[in-house]
Amino acid sequence: MSFCKHVFQQAEEIWEQSHNHPFVRGIGDGTLPIETFQYYLVQDYLYLLDYAKVYALGVVKAHNPRIMEQFAKQMDGILNGEMSLHKQYAKRLGVSIEEMERAKPSAMNLAYTNYMLSVSQSGTLAELTASLLPCMWSYWEIGKRLNTIPGAADHVFYGEWIRSYSSVEYGEMCMWMMELLDKLAEGKSDTELARLEEIFLNTSRFEYLFWDMAYRKEMWEIERSIGV
Ligand SMILES: Cc1ncc(C[n+]2csc(CCO)c2C)c(N)n1
């Protein structure tokens, strides 16, 4: 069994929880309140700025020029592609880019991006790839599943989100990253494979927590408890 198939099986329960989360279900049936999506959008914009840095670190860590090219392309895709989806949504919601850039990341958002950046700075290219794959791949799984709901991809607001993450081009990008992790995992010791699996599971858990944070519009719990 390929390494990705193996870690997918290990993470399946966690991913199912994301599929069943009211935020994700709300995108699928069109009932997610727009202000909840707006909160997510702003947090996700900040998240992606850090995510792009993980790809930049990938360029630094890779030796193979093809891998360097791909990581650079992914980084460009986020800064000029994925962000354009966010920017389009922001425009529709009347949120300016400056507002998004002025926003503060939630505690969970910071924990997630700092975890990925720390794994990526101190770890191997395989560890870096294991940390970013669940983010990419789980969105594909969610996009594909939501796309099976009749009419969901045509929803006036959420349709574009679903079409984007269930698209063939997006799927190809995910498959490239899966193949890369499989190649990088080849010949690794059991200890190293266990470490890759742990990283993959941790960012899978963070993916779930990100949906939940956005659904609850969580910021810093300490501010809530002291009334800031
Ligand atoms: C919290 C969170 N997790 C995953 C994604 C999905 N995602 C992140 S980067 C990228 C493009 C591929 O490099 C995609 C699709 C997201 N937007 N926000």
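Guide: Helices here are DSSP runs of H or I with at least four residues, numbered from the N terminus. The model is predicted.

Visitor: Which helix holds Thr113, and is Thr113 buried or exposed?
Guide: Thr113 has its place in helix α6. A residue is buried if 20 or more other C-beta atoms lie within 10 Å of its own. Thr113 has 20 such neighbours, so Thr113 counts as buried.

Visitor: Is Gln121 buried, exposed or partly exposed?
Guide: Gln121 lies in helix α6, residues 107–122. Gln121 has 13, so Gln121 is partly exposed.

Visitor: How are α1 and α10 oriented to each other?
Guide: Helix α1 (residues 3–19) and helix α10 (residues 190–216) pack with their axes 9 Å apart, at an angle of about 10 degrees. Angles under 35 degrees count as roughly parallel. The two helices, α1 and α10, are therefore roughly parallel.

Visitor: How many residues of the contact of α1 with α10 are nonpolar?
Guide: Val7 and Ile14 of α1 are among the residues making the contact, as are Phe200 and Leu201 of α10. The contact residues include four polar and three charged, and the nonpolar ones number eight.

Visitor: At which residue does α7 bend?
Guide: A proline, Pro134, follows the bend within four residues. The bend is about 35 degrees, and its place in α7 is Leu133.

Definitions and conventions. Residues numbered from 1 in each chain as written. Predicted model: local features only at pLDDT ≥ 70, side-chain atom pairs only at ≥ 80, totals over all residues. Axes fitted to C-alpha atoms, helices over the stretch in contact; angles between N-to-C directions. Parallel < 35°, antiparallel > 145°, perpendicular 65-115°, else oblique. Contact = placed C-beta atoms within 7 Å. Nonpolar A, V, L, I, M, F, W, Y, C, P; charged D, E, K, R; others polar. Bend = angle between axes of the 7 residues up to and from the residue. Buried ≥ 20, exposed ≤ 12 C-beta atoms within 10 Å, placed from the backbone.
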